[in-house]
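Hi,

Here is the structure I promised to pass on.

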Amino acid sequence: MSRVVCPGSFDPVTLGHLDVIGRAAALVDEVVVAVGSNVSKRAWFTPDERVAMLRQTCAEWPNVTVTLFDGLLVDFCRTAGVRAIAKGLRSAADFDYELPMAQMNARLSGVDTIYLPSSPLWSFVSSSLVREVAGLGGNVDAFLAPAVAEQVRRRARERQVPSG
Ligand code: PNS
C-alpha cells in the first residue's frame, strides 16, 4: 500500500493545502495529514482546532486521515509506517526552505520527500498571510473553505484589542 504524510502547521488550513492534499490522495492509497502540535505563540488556533478544521475539510476524501504529531517528523513517519512525505511547493523560496528539511529527513531516517507544484491559483496563499489579512479586517473567504473562513472571522474578532 502506498502511503504518504502531508505535514504542516495548518494555522489555518487553506485551499492551497487542500489542493495539495486532494491531489496526493488521488495519487496514493492513503494520505496521513500530520499536524505539528508545537504551538508557536503566534498561532491563532490550537492543535485540536486545526485538526478539527482539517477533518471537516478533508471529509470528502475517504483515504485521508488527520492526526497530531509532536517531536521529529521522521519519528512520526516511522511509527506510522510511512516512507514518504508529500509537500506542496509554491515558489523557489519554498524550495529553498524545503530542500534542507527533505535532505535532513532523508539523512536521519531514509524517509523521502515528494513535492507537488502548487496550483497557480493558490501560489500566493499562505496561512500566515491569511492571518495577517484577516487580523487587519480583510476578506479572506476566497482562500479558505467556508467552514474555515467562518472560524477565522470569529477568531479575528476575538483577537481584536478594544481601543480606547
Ligand atoms: O506548515 P509548515 O511550517 O511548513 O510545517 C512545518 C513542519 C511542521 C512540517 C516542520 O516544522 C516539521 O517537520 N516539524 C517537526 C520537527 C522536525 O522534524 N524538525 C526537523 C525537520 S528537518
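Of the 36 residues in the largest nonpolar core, the ones touching the most other members are Ile-21, Val-31, Val-33, Leu-54, Val-64 and Val-152. (A nonpolar core here is a set of buried Ala, Val, Leu, Ile, Met, Phe, Trp, Tyr and Cys residues joined through side-chain atoms within 4.5 Å; buried means under 20% relative accessible area with a 1.4 Å probe, protein chains only.) Elements giving this core two or more residues include β1 (3-8), β2 (30-36), α2 (47-57) and α6 (146-159), while α1 gives the most, with 5 residues. Helices are DSSP runs of H or I with at least four residues, strands are runs of E with at least two, and both are numbered from the N terminus.

Before you read on: this is a predicted model, with pLDDT of at least 70 needed for local features and 80 or more for side-chain atom pairs, while totals for chains, interfaces and linings use all residues. Numbering starts from 1 along each chain as its sequence is written, and side-chain values use heavy atoms, without hydrogens or water.

Leaving aside neighbours within four places in sequence, Leu-54 is in contact (heavy atoms within 4.5 Å) with Phe-10, Val-13, Ile-21, Val-33, Val-35 and Val-66. Another core lies apart from the largest one, with 11 residues, among them Val-32, Phe-69, Phe-76 and Ile-85.

As for the whole chain, there are 6 helices and 5 strands, in the order β-α-β-α-β-α-β-α-β-α-α. Of its 164 residues, 45% count as buried.

Cheers

Notes:
Buried < 20%, exposed > 50% of the residue type's maximum accessible area, 1.4 Å probe, protein only.
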